[in-house]
Amino acid sequence: MRQGRQPQIIDRSRDQDFMREALTLAAKGAALGEVPVGAVLVQDGEVIGRGFNCPISGSDPSAHAEMVAIRAAATAASNYRLPGSTLYVTLEPCSMCAGLIVHSRVSRVVFGALEPKAGIVQSQGQFFSQGFLNHRVVFEGGILADECGAILSEFFKARRALRK
């Protein structure tokens with residue numbers, strides 16, 4: 001811990017509530033044909049940014065749920081840095097989103113389902129633990145993991161059925 005920094009107090013009391021909101025956003029994305037991932041960014045107990053995957057409908061390869069939620073929060077805060085915030089996302093972040101999380105100074109990430117192919121927080125690497133980073137992110141996975149995984153499984157099952 002750097003000198004002068006106060007230890008972060010983590011409030012887990014509303015983690016499931018915020019993850020449920022992220023799941024609702026994921027369902028909105030699924031209804032548009034997007035991979036169902038949702039995210040909410042919370043600061044001081046209030047949601048300051050919301051997002052769901054929309055790279056297809058937005059013709060934007062960077063429009064992951066995390067990116068959309070962080071952009072919305074930064075715009076609302078008129079600040080590209082969001083210290084003291086917690087990001088709730090239904091799926092373990094990828095490398096692009098993990099980099100954004102560090103650069104925007106999000107303090108904590110709570111994710112639902114693991115992403116065994118591209119998840120960089122826990123599955124394919126421990127990005128937030130890398131010594132070269134100038135910001136430390138606390139993370140926790142597995143919050144409502146079954147529900148978060150189920151919405152993805154159902155989406156891809158339905159997509160495969162349509163291809164047959």
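Residues are numbered from 1 along each chain as its sequence is written, and side-chain values use heavy atoms, with hydrogens and water left out. As the model is predicted, local features need pLDDT of at least 70 and side-chain atom pairs count only at pLDDT 80 or more, while totals for chains, interfaces and linings use all residues.

Helices and strands are DSSP runs, numbered from the N terminus (helices: H or I, at least four residues; strands: E, at least two). Helix α1 covers residues 15-31. The expected span of a helix is 1.5 Å times one less than its number of residues. Buried residues of α1 are Asp15, Phe18, Met19, Ala22, Leu23, Leu25, Ala26 and Gly29 (buried means under 20% relative accessible area, exposed over 50%, partly exposed in between; 1.4 Å probe, protein chains only). They cover an arc of only 165 degrees around the axis, which puts them on the same side of α1. The arc is that of the directions from the helix axis to the C-beta atoms. These buried residues pack against β1 (38-43), β2 (46-52), β3 (85-91), β4 (108-113), β5 (138-141) and α4 (145-163). Gly33 follows α1 and has a positive phi, near 85 degrees.

The largest nonpolar core holds 40 residues. Such a core is a set of buried Ala, Val, Leu, Ile, Met, Phe, Trp, Tyr and Cys residues joined through side-chain atoms within 4.5 Å. Leu87, Ile101, Val109 and Phe128 touch the most other members. At least two residues each come from α1, β1, α2 (65-77), β3, α3 (95-103), β4 and α4. Helix α1 gives the most, with six residues.

The unreviewed UniProt entry places a "binding site" at His64, Cys94 and Cys97. They span 34 residues in sequence, yet no two of their C-alpha atoms are more than 9.3 Å apart, so they gather at one spot. UniProt annotations may be inferred rather than shown by experiment; positions follow the numbering used here, and feature names are shortened. Cys94 sits in the loop between β3 and α3. Cys94 counts as buried, at 16% relative accessibility. Beyond four places in sequence, Cys94 is in contact (heavy atoms within 4.5 Å) with His64, Glu66, Ala118 and Ile120. Cys97 lies in helix α3 and is buried at 0%. Not counting residues up to four places away in sequence, Cys97 touches His64 and Glu66.

Five aromatic pairs are present. Rings of Phe, Tyr and Trp (its six-membered ring) pair if their centres lie within 6.5 Å; planes under 30 degrees apart count as stacked, over 60 as edge-to-face and the rest as tilted. The rings of Phe128 and Phe139 have centres 6.1 Å apart and planes at 45 degrees, so this pair is tilted. Phe128 is buried, at 3%, whereas Phe139 is partly exposed, at 30%. Phe155 and Phe156 form an edge-to-face pair, 5.1 Å centre to centre with 80 degrees between the planes.
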